[in-house]
Amino acid sequence: MKRMSGTTPIAGGAAQNWITLAAMIVVGALALVSLYMGFRAYGDQEIETAFMYLVIGASGFIAIGYSFFRAKPTAKESLEPKKVDVITTLECPQCNLKRVRSFQRGDYIFKRDEPCTRCDGQMVITAIHTRKEEKK
Ligand SMILES: [Zn+2]
């Protein structure tokens with residue numbers, strides 16, 4: 001039997017998150033070291049060196065803050081599809097009764113679906129569309 005090892009897309013995505021986290025930790029550690037070196041240089045009256053280290057340290061923290069801030073919207077985007085409702089519109093060709101219900105697996109336009117509730121006809125799917133969650 002052949003077994004797949006480490007080639008699944010899920011593992012790849014997890015590895016990418018892990019790399020991002022590791023990079024953030026490394027940058028954070030370097031930023032802390034730079035700040036420490038900066039304060040030490042400041043204590044030794046080496047203002048220029050202290051300033052350089054402080055700038056490196058500060059920009060390291062800014063980079064972390066920026067990537068953390070950027071990471072949030074993408075996490076929200078992945079949750080977005082759950083909020084979108086898919087609506088199926090059904091119409092009876094005999095009495096023109098119109099009905100909407102949530103999309104069900106196997107629905108397609110012009111599919112003969114459930115029997116009409118008003119006459120003996122059969123409802124036909126006329127539209128399938130999305131509806132974003134209404135906010136009040
Ligand atoms: Zn009908």
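**Figure 1. Contacts across the whole predicted chain.** Among contacts between residues at least 6 apart in sequence, 45% join residues at least 24 apart. The model is predicted. Its chain holds two helices and four strands. Read along the sequence, the pattern is α-α-β-β-β-β. The chain has 136 residues, and 9% of them count as buried.

Figure 2. Is tyrosine 53 buried or exposed? Tyrosine 53 is buried, because 22 other C-beta atoms lie within 10 Å, and the cut-off for a buried residue is 20 or more. Leaving aside residues up to four places away in sequence, tyrosine 53 touches Ser34, Leu35, Met37, Gly38 and Ala41. Alanine 31 is 22 residues from tyrosine 53 in sequence. In space, the two are 8.5 Å apart, C-alpha to C-alpha.

Figure 3. Glycine 38 is found in helix H1, which spans residues 9–43. Glycine 38 counts as buried because it has 21 other C-beta atoms within 10 Å. Which residues does glycine 38 touch, not counting residues up to four places away in sequence? They are Ala50, Tyr53, Leu54 and Gly57. Glycine 57 lies 19 residues from glycine 38 in sequence. The C-alpha to C-alpha separation of glycine 38 and glycine 57 is 8.4 Å.

Figure 4. Glutamine 45 is exposed, because its count of other C-beta atoms within 10 Å is 8, and 12 or fewer makes a residue exposed.

**Figure 5. The open sheet of four strands.** In what order do the four strands form the sheet? The order is E2-E1-E4-E3, and the pairing is antiparallel. E2 and E3 stand at the edges with a single partner strand each, so one side of each has no neighbour in the sheet. From one strand to the next, the twist averages 40°.

**Figure 6. Close-up of strands E1 and E4.** E1 takes in residues 85–91, and E4 takes in residues 122–131. The two pair in the antiparallel sense over seven bridges. Aspartate 85 stands opposite arginine 131 in E4. Isoleucine 87 has histidine 129 of E4 as its bridge partner.

Figure 7. Five bridges join E1 and E2 in the antiparallel sense. Strand E2 runs over residues 98–102. How many of the five residues of E2 are buried? The count is zero, and E2 is hardly covered.

Figure 8. Phenylalanine 110 is a residue other than glycine, yet its phi is positive, near 75°. Phenylalanine 110 counts as exposed because it has 7 C-beta neighbours inside 10 Å.

Figure 9. Strand E3 covers residues 112–115. E3 and E4 pair in the antiparallel sense over two bridges. Across from arginine 112 stands valine 124 in E4. Between the two strands of the hairpin lie six residues.

Figure 10. In soluble globular proteins, nonpolar side chains tend to be buried together. Cysteine 92 touches Leu97, Cys116, Arg118, Cys119, Gly121 and Met123, with residues up to four places away in sequence not counted.

Methods:
Residues numbered from 1 in each chain as written. Predicted model: local features only at pLDDT ≥ 70, side-chain atom pairs only at ≥ 80, totals over all residues. Contact = placed C-beta atoms within 7 Å. Pairing = 2+ DSSP bridges. Axes fitted to C-alpha atoms, helices over the stretch in contact; angles between N-to-C directions.
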